[in-house]
Amino acid sequence: PYFTAEVFGRLQAAEGGLGRVKGVSLFNYVMRRVWLQQTRIGLSLYDVTGQGYLTEQDLEGYIAELVPSLAALDGLDSSFTSFYVCTAVRKFLFFLDPLRVGRVRIRDVLSCSFLDDLLELREEDLPMEIQEQNWFSAASALRVYGQYLNLDRDHNGMLSINELAGYGSGTLTRAFLQRVFQQCLTYEGEMDYKTYLDLVLALENRRQPAALAYLFRVLDINSQGYLDAFTLNYFFKAIQEQMVAHGAEPVNFDDVKDEIFDMIRPEHPYRITLQDLVRSGHGHTAVSILLELHGFWAYENREALAAAGDHA
């Protein structure tokens with residue numbers, strides 16, 4: 001039975017605990033259950049092994065067949081469809097396959113919000129501001145792919161480390177970029193679109209544990225499972241070099257190191273683990289300080305930026 005006493009308790013609690021449930025709440029609950037069952041069946045059709053998992057290829061097949069039913073994608077050029085599918089699938093794999101085994105559990109797909117975002121595109125008149133915030137929208141996919149093409153200055157379909165240096169504000173440090181190319185899959189020293197998508201997802205979602213895990217692996221230069229003063233200094237030295245190049249006085253490393261440790265409050269006084277970054281709630285700030293001058297500048301000027309935002 002779906003409508004158990006526990007379910008009733010949750011629904012009525014959401015409405016103030018008055019001992020009754022509104023008809024619309026019950027209707028929405030039933031519709032959600034039906035949708036989950038239909039979606040589970042639909043996804044299971046692509047589970048060729050019957051073990052409750054979907055591989056990258058399975059997900060590509062599912063989304064490719066779903067695209068024609070999404071009204072918000074009607075104007076999508078057919079030549080871009082394969083890149084759209086690749087862009088969409090990458091988000092599922094990045095967040096739901098933390099061990100990078102090349103598959104995700106159907107259970108996890110159903111329990112996350114990604115399918116909701118994807119199926120939101122069934123609406124014909126979806127406002128553009130909502131589409132721009134939805135990774136699965138045509139506007140978002142074209143933005144990400146357009147950035148990739150703009151970075152690819154020699155038009156060979158791949159990105160070199162020098163080309164990737166132009167990403168975003170153009171202030172990702174050389175030390176960080178070199179580690180990205182060491183840590184990630186490359187082809188003769190160049191990065192393909194899928195690898196680029198992983199980097200974009202990590203940089204655009206720095207507050208999320210999966211993104212922090214990606215960035216932590218890059219920052220952990222000795223693969224020791226923690227960041228120490230030596231590691232922090234290695235990356236911050238590149239920030240100091242950028243400051244000098246921009247005509248600014250470099251900030252003392254020890255001051256920054258102390259601020260990072262005070263911010264994260266790791267269990268071990270001299271070692272910052274991934275768990276420390278996630279638990280602190282400030283992991284995104286700490287990594288931003290280390291990997292790009294723009295991120296460090298935003299941290300250093302956070303009070304002025306906050307004041308400007310209040311006056312805006």
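**Notes on a predicted helical model**

1. Leu43 sits in helix H2, which runs over residues 23–44.

2. What is Leu43 in contact with, once its neighbours within four places in sequence are left aside? The list is Leu54, Tyr62, Ile106, Val109, Leu110 and Leu115. Val109 is worth a look in the viewer: it is 66 residues from Leu43 along the chain, and the two C-alpha atoms are separated by 9.1 Å.

3. Now step back to the whole chain. The protein chain has 18 helices and 2 strands. Its C-alpha trace spans about 65 × 55 × 45 Å along the principal axes. Of the 312 residues, 45% are buried. Taking the contacts with a separation of 6 or more, 58% are between residues 24 or more positions apart.

4. With 12 residues at 1.5 Å a residue, H11 should span 16 Å; the C-alpha atoms at its ends are 16 Å apart, so the two agree.

5. Is H11 mostly covered or mostly open? Mostly covered, with 10 of its 12 residues buried. The buried set is Tyr193, Thr195, Tyr196, Leu197, Asp198, Leu199, Val200, Leu201, Ala202 and Leu203. Note that Asp198 is on that list along with the leucines.

6. Which helices do the buried residues of H11 pack against? There is H4 (81–96), then H8 (138–151), H9 (161–164) and H10 (174–183), and finally H12 (209–219) and H16 (283–291). Helix H16 comes up again in the next points.

7. Helix H14 (residues 253–264) packs with H16 at an angle of about 160°, and the axes of the two are 9 Å apart. That angle makes H14 roughly antiparallel to H16, since angles over 145 degrees are counted that way. The crossing of H14 past H16 is left-handed.

8. Which residues make this contact? From H14 come Val256, Ile260, Met263 and Ile264, while H16 supplies Gly283, Thr285, Ala286, Ile289 and Leu290. Sorted by class, the contact of H14 with H16 has 7 nonpolar residues, 2 polar ones and no charged ones.

9. Gly283, one of the H16 residues in that contact, deserves a point of its own. Gly283 is found in helix H16, and at 1% relative accessibility it counts as buried. Setting aside neighbours within four places in sequence, Gly283 is in contact with Leu212, Ile264 and Leu277. Ile264 is among the H14 residues named above.

10. Last stop, a loop residue. Where is Thr173 found? In the loop between H9 and H10. Is Thr173 buried or exposed? Thr173 is buried, as its relative accessible area is 0%. Not counting residues up to four places away in sequence, Thr173 touches Ala238, Ile239, Gln242, Leu290, Leu291 and Glu292. Leu290 is also one of the H16 residues in the contact with H14.

Technical notes
Residues numbered from 1 in each chain as written. Predicted model: local features only at pLDDT ≥ 70, side-chain atom pairs only at ≥ 80, totals over all residues. Heavy atoms only, no water. Helix = DSSP H or I, 4+ residues; strand = E, 2+ residues; numbered from the N terminus. Expected span 1.5 Å × (residues − 1). Buried < 20%, exposed > 50% of the residue type's maximum accessible area, 1.4 Å probe, protein only. Contact = heavy atoms within 4.5 Å. Axes fitted to C-alpha atoms, helices over the stretch in contact; angles between N-to-C directions. Parallel < 35°, antiparallel > 145°, perpendicular 65-115°, else oblique. Left-handed = near helix turned anticlockwise from the far one by under 90°. Nonpolar A, V, L, I, M, F, W, Y, C, P; charged D, E, K, R; others polar.
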